[in-house]
Amino acid sequence: YQLAKFKENPLNKGKLLTSGLWRYTRHPNYFGNACMFWGFYLTACSVRNGWKSAYSPILMTYLLLKVSGVKLLEKSLSKRKPGYNHYIQSTSAFIPWVPA
């Protein structure tokens, strides 16, 4: 919702969203996806042998961080968005944290 509202405003074209959730993490959507997969895993643990599904959230978190999500997007954003390198220095990439 926050990103959609930000992009809706023509004055924000080419700018970075650095407020709301994006103040605490550069990729709140990817973090939310990872939490969802870990939640599915915790639910699976409630049944016999459910713990064996641990590969799923581990793999998805790895993919989001190192392959298709954060890493890929950061490469293009650092080239396209002015000020993104400063944003990288002051804001957590994945887990929401207090800004530096």
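I began with burial: I call a residue buried under 20% relative accessible area, exposed over 50%, and partly exposed in between (1.4 Å probe, protein chains only). The model is predicted, so I kept local features to pLDDT of at least 70 and side-chain atom pairs to pLDDT 80 or more, while totals for chains, interfaces and linings use all residues. Residues are numbered from 1 along each chain as its sequence is written, and side-chain values use heavy atoms, with hydrogens and water left out.

Entry one, glutamate 74. I found glutamate 74 in helix α4; helices (H or I, at least four residues) and strands (E, at least two) are DSSP runs, numbered from the N terminus. Is glutamate 74 buried or exposed? Glutamate 74 is buried, at a relative accessible area of 13%. Leaving aside residues up to four places away in sequence, I listed Arg26, His27, Tyr84 and Ile88 as the residues that glutamate 74 touches, where contact means heavy atoms within 4.5 Å. Arginine 26 is 48 residues from glutamate 74 along the chain, yet their C-alpha atoms are separated by 9.1 Å.

Entry two, the rest of α4. Helix α4 spans residues 70-80, and its buried residues are Val70, Glu74 and Leu77. They sit on the same side of α4 because they cover an arc of only 70° around the axis, taken from the directions from the helix axis to the C-beta atoms. An α-helix has 3.6 residues a turn, so residues three or four places apart point the same way. I saw that the buried residues of α4 pack against α2 (28-44), α3 (55-67) and α5 (84-90). On the face turned away from the buried side, I noted the exposed residues Lys71, Leu72, Lys75, Lys79 and Arg80.

I counted zero disulfides, a disulfide being a pair of cysteine sulfur atoms within 2.5 Å. Cysteine 35 is partly exposed at 40% relative accessible area, and cysteine 45 is partly exposed at 33%.
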